[in-house]
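My entries follow in the order I made them.

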Amino acid sequence: MGTIIGVHFWNRIARLCFCDAESVSVAEVNLPSDIKRLDIAANEYALKKAFEVIDEFLKEKAGISNYSLVIAISDDMGLKEIQGIYSAAREFGVNVVRTVTETLAMAYFSYVEYGLGGNALMAFVSPAKLGISEYYLEQGIVEKLDTYFAGRWNGSSLGKSEFIHSYSDKIFDATAADYVICSGTMERSLDFDFALKNYIKSSGTFINKNIELKAIDNQCVIEGIGFICGKLEGRTAFQGLAAIDSASPYELILSVNGEMYPLLDSETVVPIKKTIEINKFPEPVRSFNEIKLFEYRKKEFVLVSDIHVSKDKLEEFYKKASTVKIEVDDDKKLTLTFVDIQSRSEYVINVLEASAQDDALEEKEEDVPGFITKMLPIIDNLEYAANYAKDDDSPYTQGIVQSYNNAVEILKKNGVEIIHGEGEPFDYNFQTAVAHVTDVDLPDNIVKQVMQAGYVYKGKVLRPASVVVAN
């Protein structure tokens, strides 16, 4: 395992921490410009580039070559994104031992540094996101009780925002917490303070109208992760404090050959072992069994894993009573064990490994994203030639334009979306700002010009669009 390094991607940098005896050392590493605007921890392409920069820094500047990582994630990330982190780490060749939400790191830091106890709300506000979770801090335990809000936030109102579940706003109003610890950017923390006070006044159902807000430096996240790294390394100074996290802020649903079964609720803590029953194991209609996991997010089912199991491996289960044992460890790695009640025969699926094997098989047969990425420079050249040709009536020019249009049409028919966005609000998930200009005719944060088109395949950004943004 080696040295355990904490990582928090924040404000276009990677903040790193590692323990030395009784203290935590913190460093900052600049990231490549093409990933600074992406939600790095949720983007496999960006993660692999970030791992490369971090690896170079640790080896050359810190003299650390044998290490594992603890990665901070935003509170809206569930098992889908965490699987992506492990997948990117595996491809790069680095070991990730834990993921820690930003609010959990805040709670851990607050307990150690300030000795806070009882129920407390932790709110982390980044320029684009807000996460609010409640924790119980007492007797050496920092335990997440619930996540109320996690995701994009416009900074103006809590009442108009979507809480993470339909019932979250009711639980939020009934919180037993006496104070809210808020961290992130200064401007957004002030926005949150204002929005919370307005929410309490207008809701009419918020119980503790005297709840107190305390703002702390955003450095608390990386230092809190540092304390957790020290505990994982077994350092004496950091022992004795347990951090209890939920498996996911969302409900987890299991689908077996199209039949759906509730698996875990949003308050399930890790590690967990649980068993559910399947009265009649459904038989597949295709040549293989489809084992799917979904997270139920704000009234939508988001696919976490789609695992194909050959028909012969589960055929003795069909139309019989079975159970499914679910295990989620501290690292949020999930295992499913199908058990035939009569024969007691078992079939075990390690979800992350099974997904990786499935992906490997698909990539071996047809690496569509890789092929498209290799073709992009050719399409770029055709687009450039089509746009800047001087003689529109020339057969040569018309041939280039037709070739470009045909290439674009083929991409669209095969599930590739082209990112432009000129005249629309800048979106850091799909665009990279290569320049900022002043334009009195455009509102702030509007894309004035697209320098290079971006491409998305099945929700995966193959290349963000390079754009000029009006300020």
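**Entry 1: the second largest cavity**

I found that α2 gives the most to the lining of the second largest cavity, with 4 residues. My terms here: helices (H or I, at least four residues) and strands (E, at least two) are DSSP runs, numbered from the N terminus. On a 1 Å grid over the protein atoms alone, a cavity is a set of points where a 1.4 Å probe fits but cannot get out, a pocket is an open set with protein on both sides within 12 Å along at least five of seven lines, and lining residues have an atom within 4 Å of a point.

I noted that the model is predicted, that local features need pLDDT of at least 70 and side-chain atom pairs pLDDT 80 or more, and that totals for chains, interfaces and linings use all residues. Residues are numbered from 1 along each chain as its sequence is written, and side-chain values use heavy atoms, with hydrogens and water left out.

The second largest cavity holds about 80 Å³ of space; a volume is the space filled by probe spheres set on the points, which are joined across faces, edges and corners. I listed its lining as Leu79, Ile82, Gln83, Tyr86, Leu293, Val304, Lys332, Lys333, Leu334, Val351 and Leu352. The elements that supply two or more of these residues are α2 (79-92) and α8 (351-365). Sorted by class, the lining has 8 nonpolar, 1 polar and 2 charged residues. In this sorting Ala, Val, Leu, Ile, Met, Phe, Trp, Tyr, Cys and Pro are nonpolar, Asp, Glu, Lys and Arg are charged, and the others, Gly among them, are polar.

**Entry 2: the largest cavity**

How many cavities of 30 Å³ or more does the structure hold? I counted 2. The largest has about 100 Å³ of space. Its lining is made of Arg98, Thr99, Val100, Leu104, Ile228, Ala243, Ile244, Asp245, Val270, Asp330 and Lys332. Two or more lining residues come from each of β5 (95-101) and β11 (242-244), and β5 gives the most, with 3. I sorted the lining into 6 nonpolar, 1 polar and 4 charged residues. Lys332 is in this lining and also in that of the second largest cavity.

Of its 33 lining residues, Leu38, Ser126, Pro127, Ala128 and Tyr428 are the closest to its centre. At least two lining residues come from each of β1 (3-10), β4 (67-73), β7 (129-138) and β8 (141-152). The classes are 16 nonpolar, 7 polar and 10 charged.

**Entry 3: helix pairs**

Two packed helices are described by the angle between their axes and the distance between the axes. Axes are lines fitted to C-alpha atoms, for helices over the stretch in contact, and angles run from 0 to 180 degrees between N-to-C directions.

I began with α1 (residues 44-60) and α2, whose axes are 9 Å apart at an angle of about 50 degrees. The two helices are therefore oblique to each other; angles under 35 degrees count as roughly parallel, over 145 as roughly antiparallel, 65 to 115 as roughly perpendicular and the rest as oblique. The crossing of α1 and α2 is right-handed, meaning that the near helix is turned clockwise from the far one by less than a right angle, with anticlockwise giving left-handed. Contact (heavy atoms within 4.5 Å) involves residues including Leu47 and Phe51 of α1 and Ile85 and Phe92 of α2. I sorted this contact into 6 nonpolar, 2 polar and 5 charged residues.

Next, α3 (residues 102-114) and α6 (residues 219-233) have axes 7 Å apart and an angle of about 80 degrees. That makes α3 roughly perpendicular to α6. Among the contact residues are Met106 and Phe109 of α3 and Phe227 and Ile228 of α6. Ile228 also lines the largest cavity.

Last, the axes of α9 (residues 368-388) and α10 (residues 395-413) come within 9 Å and cross at roughly 145 degrees. This crossing is left-handed. The contact divides into 10 nonpolar, 1 polar and 1 charged residues.

**Entry 4: backbone**

Most residues other than glycine have a negative phi, and most peptide bonds are trans. Which residues does a cis peptide bond join? I found Val270 and Pro271, with omega about -5 degrees. Pro271 is in the loop between β13 (259-264) and β14 (272-278), and Val270 is in the lining of the largest cavity. Lys319 has a positive phi, near 60 degrees, and is found in the loop between α7 (311-314) and β17 (322-328).
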